[in-house]
Amino acid sequence: MDIDKQHCALLILNGKQSANPELKKAVSRLREEGHTIWVRIPWENSDLHSFIDDAIAKGVETIIAGGGDGTINAVSSTLMRFPEEQRPAIGILPLGTANDFATSANIPQDIPSALALAVKGKATAIDIARVNNDAYFMNMATGGFGTRITTETPEALKSALGGAAYVINGFLRPDTLKTDTCKIEAEDFNWEGETLVVAVGNGKQAGGGQQLAPEALIDDGKLNLLIVPARDVIPALLTNLFTNDKNQHLIERTSSWVKISSPHTMIFNLDGEPLSGETFTYELLPEAIHCRLPPQCGLLS
């Protein structure tokens, strides 16, 4: 970090954190150092575009996503709708339940350190994934069991247990253990059958710390594909999600694109944003966005 340079940033804040006293103190401290920080709380996603458009006109260098993985997704997806030469960098202030992307990237969990990094840290070009030419994600898309436990876990359980709530809720709800029939294509790869979990990762983990793509990097130009075939439901699930051992039945591939098609409607969770359909085309966009990351970031090669 260049501590002598003054920076200009816009903090997009999840409304649940609007009264956070530690956050207010951290923002005030950076302002006292001479940095310009605007704070906006979007009422709906459409507000993000106007907030960022106004920030770009003011010469803002960084748009900070203050919230969980869903907030990061909303901010990064909106940034991707601006021309590349206009996009400010994205900063991450982890204030959510799981904070999967921030955890994998070794972004500090304490508010003052994370905010300082988001404002003053080095901006590094990273990959982002595009789905069906319209949606985006920085971290991971999960389908099947992984989607159901992250979209259906009650807020009260998440508040009480944090990331562990996702897995606990999955086992409390055996009806979530449904399979999906699909065809999956990628570079030099073609597979068809029933799945329990399908994950397409740019980052490493989802669902509150579940390492679904432990080898993934956000600057390698590749997506990491994980398939858990339904025929090995319980052994593969337990082995992959609760230990560091590899299960021989898991299917893992890397590819710059993935196509998933199904005879029925599937739901994929894109960093907290559900997307339903029968066909999903994933493509990796190399170095499409800049992110302020720590020197010890665990997602860079």
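Predicted model: local features only at pLDDT ≥ 70, side-chain atom pairs only at ≥ 80, totals over all residues.

A: Let's settle the element names: helices (H or I, at least four residues) and strands (E, at least two) are DSSP runs, numbered from the N terminus. With that in hand, D220 sits in the loop between β11 and β12. Residues are numbered from 1 along each chain as its sequence is written, and side-chain values use heavy atoms, with hydrogens and water left out.

The unreviewed UniProt entry puts "binding site" at L217 and D220; its positions are in the numbering used here, feature names are shortened, and annotations may be inferred rather than shown by experiment. D220 counts as partly exposed because its relative accessibility is 31% (buried is under 20% relative accessible area, exposed over 50%, partly exposed in between, with a 1.4 Å probe and protein chains only). L217 is in the loop between β11 (210-211) and β12 (223-229). Skip its neighbours within four places in sequence, and L217 is in contact with N202, K204, K222, G298, L299, L300 and S301, contact being heavy atoms within 4.5 Å.

The "active site" that UniProt lists, again in an unreviewed entry, is E273. E273 belongs to strand β15, which covers residues 273-292. Its relative accessibility is 41%, which is why E273 counts as partly exposed. Not counting residues up to four places away in sequence, E273 touches N73 and F268.

Now for the helices. α2 (residues 45-57) and α3 (residues 69-79) pack at about 50° with their axes 10 Å apart; axes are lines fitted to C-alpha atoms, for helices over the stretch in contact, and angles run from 0 to 180 degrees between N-to-C directions. That angle makes α2 oblique to α3 (under 35 degrees is roughly parallel, over 145 roughly antiparallel, 65 to 115 roughly perpendicular, the rest oblique). N45, L48, H49 and I52 of α2 make the contact with A74, V75, T78 and L79 of α3. Sorted by class, this contact of α2 with α3 has five nonpolar, three polar and no charged residues (Ala, Val, Leu, Ile, Met, Phe, Trp, Tyr, Cys and Pro are nonpolar, Asp, Glu, Lys and Arg charged, the others, Gly among them, polar).

The other pair is α1 (residues 21-32) with α5 (residues 111-120), at an angle of about 40° and with axes 9 Å apart. α1 and α5 are therefore oblique to each other. The α1 side of the contact is E22, L23, A26, V27, R29 and L30, and the α5 side is I111, P112, L115, A116, V119 and K120. By class, the contact of α1 with α5 has nine nonpolar, no polar and three charged residues.

K24 also lies in α1. K24 and P112 are 88 residues apart in sequence, and their C-alpha atoms are 9.8 Å apart in space. Apart from neighbours within four places in sequence, K24 is in contact with S18 and A19.

Zooming out, the chain has nine helices and 15 strands. Of its 301 residues, 55% are buried. Among contacts with a separation of 6 or more, 72% are between residues 24 or more positions apart.
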